[in-house]
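Trainee: Could we go through this model together, one topic at a time? I have the sequence and the 3D view open.

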Amino acid sequence: MSEIIIIGEINLDIFILLEDNKNHTKNYSIKIGGTAYNIANSLKNLRIDPLIFSHIGKDFMGKGIYDELSKYFNLDLIQKVNSTNIILYFINEDKFDVVGLKKDDLIFKVSENFLKRYNDIKIVHISPYIFMNDENFKFLNEIKSENKIFITNLSMPILDNQGFIKILNRFDYIFMNLEEAKKLTKIDDLNEIKKFLKENFKNSILTLLDGVYFLNKEKEIFLETEKINKKINIGAGDYLIGGFISGLYKNLKIEDCLKIGIESVKNYLNLV
C-alpha cells in the first residue's frame with residue numbers, strides 16, 4: 001500500500017533546439033513529463049512506489065503514455081480525458097519559449113476510489129499547476145491534511161494567481177527557485193527573501209544555481225552544490241522534490257533529505 005501520493009499533471013514534453021536561419025532541425029527530443037510524472041519517477045528511481053493522481057488522454061499519445069507508466073506505477077487513480085497535454089519547448093541557446101497545447105481543463109475530485117486509498121497516505125505533493133483551474137481549490141478544501149505532510153512548489157505562471165498565494169501557508173514544505181522567490185516576496189535581496197520565508201511559511205526550500213537553502217523559524221541550512229552547467233534544466237526541481245520526499249518518508253534528518261534530493265538532480269541531469 002503506497003503512503004505517498006503525487007497529485008498533478010502528466011504531459012508529453014517536446015524539446016526543440018532551434019538553429020539560426022533554418023526551418024528544420026534534427027535536434028529534438030520527446031519524453032513523458034509534467035510535475036506529477038517527474039516527482040513520481042524520481043521516487044521510483046529511489047525504489048519507492050508512489051500513487052499518482054492525474055489525467056491521461058484517450059488519444060494515441062495518451063495510450064502510449066499509459067502503457068509505459070503501467071509498467072512501473074499503480075495507475076488506479078489515473079483519469080482518462082479526451083486529449084493529452086502537450087508542452088512544446090523551443091530552445092535557442094540558453095533561452096527557451098514554452099507553448100502548452102491543452103484542450104481539457106483538468107479537474108480533480110474526491111471520489112470513493114480516491115478516499116479508499118487516501119486514508120493510508122502520509123505524504124501528499126500537489127502540483128501548483130492544478131490551481132490554474134479554480135475548481136481545484138474545492139478539491140484541496142475537501143481532502144484532509146491531519147496527520148499528513150503537505151508539499152507543493154512554486155512556478156512563475158501560478159504566482160499571478162492570488163488564490164494560490166493565499167493557500168501557501170497550508171503546506172508544510174514549499175519548494176522554489178530564486179526567481180520564483182523574488183516574485184512571491186517582491187524582494188530582490190537574498191537575505192531579505194530568506195527572512196520573509198522564515199516569517200511567513202512553515203518550511204521553505206530555496207534553490208540557487210550553486211546550493212540549496214532549508215528555512216524555517218528555528219533553523220537555516222545551506223548545502224553547497226556543484227553549479228549547474230546545463231543551460232536548460234527543465235524538470236530538475238521536480239527531481240529535487242522527489243529525493244527530498246524519499247528522505248521524509250524514511251524519517252531522515254532534513255540535511256539528509258536535501259542530500260538525497262541533490263543527488264537525484266545530478267542523476268537526472270546526467271540523463272537529459
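Trainee: How much space lies in the largest cavity?

Mentor: About 60 Å³ of space lies in the largest cavity, and please keep in mind throughout our chat that we are looking at a predicted model.

Trainee: And how many cavities of 30 Å³ or more are there?

Mentor: The count comes to one cavity of 30 Å³ or more.

Trainee: Which residues line the largest cavity?

Mentor: The lining is made by Ile10, His55, Ile56, Gly57, Ile65, Val81, Ser83, Thr84, Asn85 and Leu106. Sorted by class, that lining holds five nonpolar residues, five polar residues and no charged ones.

Trainee: Which element gives the most to the lining of the largest cavity?

Mentor: That is strand 4, residues 51-57, which contributes three residues to the lining.

Trainee: Let me pick isoleucine 56, then. Is isoleucine 56 buried or exposed?

Mentor: Isoleucine 56, which lies in strand 4, has a relative accessible area of 2%, so it counts as buried.

Trainee: What does isoleucine 56 touch?

Mentor: Setting aside residues up to four places away in sequence, isoleucine 56 touches Ile10, Gly62, Ile65, Tyr66, Leu69, Ile78, Gln79, Lys80 and Val81.

Trainee: New topic: how many salt bridges does the structure hold?

Mentor: The structure holds 11 salt bridges.

Trainee: Which residue meets glutamate 135 in a salt bridge?

Mentor: The partner of glutamate 135 is lysine 138, with 3.6 Å from N to O. The two are three residues apart in helix 4, which spans residues 135-142, so about one helical turn separates them. Glutamate 135 is partly exposed at a relative accessible area of 35%, and lysine 138 is also partly exposed, with a relative accessibility of 48%.

Trainee: Where do lysine 183 and aspartate 160 lie?

Mentor: The side chains of lysine 183 and aspartate 160 form a salt bridge as well, at 3.2 Å from N to O. Lysine 183 belongs to helix 6 (residues 178-185), whereas aspartate 160 sits in the loop between strand 9 (149-153) and helix 5 (162-167), so this pair ties together parts that are 23 residues apart in sequence. Lysine 183 is partly exposed, with a relative accessible area of 28%, while aspartate 160 counts as exposed at 56% relative accessibility.

Trainee: What about glutamate 255, which residue is its salt bridge partner?

Mentor: Glutamate 255 pairs with lysine 259, and their closest N and O atoms are 3.9 Å apart. Both residues lie in helix 9 (residues 254-269), four residues apart, which is about one turn of the helix.

Trainee: Lys194 brings me to helix 7. Which residues of helix 7 are buried?

Mentor: In helix 7, residues 190-200, the buried residues are Ile193, Lys194 and Leu197. Looking down the axis of helix 7, you find these buried residues within an arc of 100°, so they line one face of the helix. On the face turned away from that buried side are the exposed residues Asn191 and Glu199.

Trainee: What do the buried residues of helix 7 pack against?

Mentor: They pack against strand 10 (173-177), helix 6, strand 11 (204-208), strand 12 (211-215) and strand 13 (220-224).

Trainee: Back to helix 4 for a moment: is asparagine 136 buried or exposed?

Mentor: Asparagine 136, which is found in helix 4, counts as buried because its relative accessibility is 0%, and the cut-off for being buried is under 20%. Leaving aside neighbours within four places in sequence, asparagine 136 is in contact with Leu106, Ile107, Phe108, Ile130 and Phe131.

Terms used: Residues are numbered from 1 along each chain as its sequence is written. This is a predicted model: local features need pLDDT of at least 70, side-chain atom pairs count only at pLDDT 80 or more; totals for chains, interfaces and linings use all residues. Side-chain values use heavy atoms; hydrogens and water are left out. A salt bridge is a side-chain nitrogen of Lys or Arg within 4 Å of a carboxyl oxygen of Asp or Glu. Buried means under 20% relative accessible area, exposed over 50%, partly exposed in between (1.4 Å probe, protein chains only). On a 1 Å grid over the protein atoms alone, a cavity is a set of points where a 1.4 Å probe fits but cannot get out, and a pocket is an open set with protein on both sides within 12 Å along at least five of seven lines; lining residues have an atom within 4 Å of a point. Grid points are joined across faces, edges and corners, and a volume is the space filled by probe spheres set on the points. Ala, Val, Leu, Ile, Met, Phe, Trp, Tyr, Cys and Pro count as nonpolar, Asp, Glu, Lys and Arg as charged, and the others, Gly among them, as polar. The arc is that of the directions from the helix axis to the C-beta atoms. Contact means heavy atoms within 4.5 Å.
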